[in-house]
Amino acid sequence: MNTLRRWFLAPASVITILLFLAPTAIVCAYSVLTRGAYGGAGQPVTVENFFRVFDPIYAEIFWRSLWISVVSTLLCLVLGFPLALFIARSKRRMLFLNLVMLPFWTSFLIRLYAWMFLLRDTGLINSLLLSAHIISRPLPLLFNDFAVILGLVYGYLPFMVLPLYATLEKLDPALIDAANDLGAKPFVTLWKVIVPLSRGGVAAGCLLVFIPCLGAYLTPDLLGGGKTVMLGNLVQNQFTTARDWPFGSAVSLVLMAAVLAVLFLAVRRKGEDLL
Amino acid sequence: MVSEVKTVLELQALTKHYLTHRAVDGISLAVEQGEFFSLLGPSGCGKTTTLRMIAGLETPTSGRIFLSGADVAAKKAYERNVSTVFQNYALFPHLSVAKNVAFGLERRGGFGRAEIAERVDRVLSLVQLGGKQSRMPSELSGGERQRVALARSLVLEPDVLLLDEPLSALDPKLRKQMRVELKSLQRRVGITFLFITHDQEEAMSLSDRIGVMNRGCLEQVGEPAAVYRNPQTRFVAEFLGDVNWIDGVGVRPESITLFRQPAGGASRYVKAVVVRNTCLGNYTNIELQLEGETTCFVQQQGAGTGFAPGDSVYAAWNADDELAVPAEQLASVPA
């Protein structure tokens with residue numbers, strides 16, 4: 001029995017080691033090396049890279065990634081909760097769930113380019129507003145924090161909606177009837193009964209949005225136009241233009257540590273809800 | 001002394017049609033202040049839909065509902081002074097017993113924190129849950145949850161307390177105990193109870209009056225004994241107890257006495273052969289075969305009968321005990 005179980009676990013173990021642990025180990029190794037003269041890395045072994053991460057220039061990027069991720073997560077929650085509630089109480093929930101997941105059928109990259117076409121100065125939104133004489137010069141919709149947050153909320157909203165839906169769908173409708181019956185108006189029922197009972201879904205959804213936001217690369221790169229630099233862009237930059245692989249590795253590891261810390265705190269505080 | 005009878009709940013031709021079927025089909029009913037009224041019927045007969053319309057959780061297709069004389073059509077569930085004890089209690093799992101019970105009072109407003117706490121304590125001791133204020137619903141037994149649900153509704157002093165099969169989730173022994181408690185509780189608080197059940201024994205033992213429902217219609221309303229003895233439809237006769245249909249006449253098993261000779265003072269009798277005895281402790285069921293292959297059941301007090309399978313007997317009963325179901329109702333009864 002035990003031998004059999006080990007055999008069944010073997011493929012998963014091999015994949016985990018090859019595709020997850022080994023690359024992480026390589027990144028760890030690079031992070032303590034010194035940048036080579038023409039890229040690459042070499043001796044001597046040092047922890048200097050980790051100190052550099054906390055240099056004010058980079059610390060600012062950390063804070064910026066943090067607040068953009070927090071704002072995006074909260075927006076996803078505010079937008080996703082009513083949507084998930086609506087789907088969970090609808091009779092055509094399968095249709096709506098499929099609609100929520102429909103964007104995944106197209107590459108995220110292409111969808112971000114589509115957003116650029118909508119948001120740029122000569123894009124659909126600005127041209128419509130201009131031709132309707134509502135505005136006299138194009139609104140700054142692209143290449144700023146607004147565009148990045150919009151893109152993140154757009155991209156990660158499904159990751160908020162799905163766990164919220166899963167929680168809300170399990171919520172006993174009799175509890176809502178009971179609240180209603182005991183004199184609670186709809187908003188009170190939402191606030192006193194539905195929200196407290198979906199805390200697990202809220203926590204799971206927030207984690208699923210916050211963590212990828214923190215490491216986002218594509219959205220800030222395309223919609224931020226190089227002005228809004230987040231941690232993902234910093235890492236990418238170190239590995240390409242700056243050719244400083246050891247520092248890029250150190251930033252990745254600090255990012256990973258931050259994400260793990262958030263995850264650890266969340267699981268410790270709301271463990272039973274999440275699992 | 002003339003006691004004034006006040007109607008607290010009145011239904012007028014209340015109807016609920018869904019796309020595919022008529023859940024409730026024109027129910028009219030008046031329930032008096034302080035009455036314990038049961039709606040009895042099989043599952044799917046429309047009794048729960050009726051209750052949900054009274055609570056305001058479903059909108060009637062047509063018909064009217066009056067609560068204490070006022071038409072409540074325009075009132076939302078949270079504006080109606082009725083309260084429901086749900087089938088699986090629907091206690092809020094994230095709130096303690098005290099907070100569950102306080103939920104309705106807090107929504108009403110006008111009560112101070114101290115007054116709410118005092119009322120919660122009072123109603124909890126009424127349902128014998130004093131001292132369990134800070135427990136969570138998950139820490140309670142089925143019977144205790146049931147009491148919390150009752151307390152949560154009773155504390156609001158509703159015009160009518162609606163109970164949707166509240167005992168069906170309990171095990172049989174506890175169910176009988178809660179039945180007794182429920183009845184005495186209703187007498188003490190004097191609140192009108194509208195009780196929904198599919199269990200005729202439950203309805204008969206608890207109620208001042210019962211209304212028997214079938215396929216969305218209210219077939220008969222009356223005191224339990226009266227409905228049992230004088231059912232007006234075949235459905236009511238058979239739902240409230242066993243009936244033998246002998247030559248177009250309904251006779252309950254306990255009304256039949258067996259004799260070896262055609263005598264004994266009973267006004268009606270038929271010849272029969274004993275097929276088997278089934279002893280159920282305090283009474284025994286005897287299965288008879290009448291002429292023409294008809295099977296007939298007799299119920300006798302006690303554990304023994306003195307009749308053995310194969311014995312020829314006379315099954316006798318009094319004409320008074322025959323069920324006066326109108327003849328047109330019996331069209332489908334096998335002769």
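This is a predicted model: local features need pLDDT of at least 70, side-chain atom pairs count only at pLDDT 80 or more; totals for chains, interfaces and linings use all residues.
1. A:Val235 is buried, having 20 other C-beta atoms within 10 Å. By the definition used here, a residue is buried if 20 or more other C-beta atoms lie within 10 Å of its own, exposed if 12 or fewer, and partly exposed in between, with C-beta atoms placed from the backbone. A:Val235 belongs to helix H12 of chain A, residues 231-239; helices (H or I, at least four residues) and strands (E, at least two) are DSSP runs, numbered from the N terminus. Leaving aside residues up to four places away in sequence, A:Val235 touches A:Gly248, A:Val251 and A:Ser252, where contact means that the C-beta atoms of two residues, placed from the backbone, lie within 7 Å.

2. Residues are numbered from 1 along each chain as its sequence is written, and chains are lettered from A and ligands numbered from 1 in the order in which they are written.

3. Between chains A and B, the contact takes 15 residues from chain A and 17 residues from chain B. On the chain A side, the elements giving two or more residues are helix H8 (173-181) and helix H9 (186-197). H8(A) gives the most to this side, with 6 residues. By class, the chain A side divides into 9 nonpolar, 2 polar and 4 charged residues; Ala, Val, Leu, Ile, Met, Phe, Trp, Tyr, Cys and Pro count as nonpolar, Asp, Glu, Lys and Arg as charged, and the others, Gly among them, as polar.

4. Chain B is divided into domain 1 (7-234) and domain 2 (242-330), with bounds that come from an automatic or database domain assignment. The C-alpha centres of the two domains of chain B lie 39 Å apart. Their contact takes 5 residues from domain 1 of chain B and 5 residues from domain 2 of chain B. The domain 1 side of that contact has 1 nonpolar, 3 polar and 1 charged residues.

5. Helix H2 of chain B (residues 97-108) has as its buried residues B:Val97, B:Ala98, B:Asn100, B:Val101, B:Ala102, B:Phe103, B:Gly104 and B:Leu105. The cover over them includes strand S6 (82-85), helix H3 (113-126) and helix H4 (142-154) of chain B. B:Gly109 follows H2(B) and has a positive phi, near 75°.

6. Two non-glycine residues of chain B deserve a check of their backbone angles. B:Tyr89 has a positive phi near 75° and lies in the loop between S6 and H2 of chain B. B:Tyr89 is buried, with 23 other C-beta atoms within 10 Å. B:Glu165 has a positive phi near 45° and lies in the loop between strand S7 (160-164) and helix H5 (172-189) of chain B. B:Glu165 is also buried, because 20 other C-beta atoms lie within 10 Å.

7. B:Arg175 lies in helix H5 of chain B. With 19 C-beta neighbours inside 10 Å, B:Arg175 counts as partly exposed. Residues up to four places away in sequence aside, B:Arg175 touches B:Leu167 and B:Leu170. The C-alpha atoms of B:Arg175 and B:Glu202, 27 residues apart along the chain, are separated by 9.2 Å.
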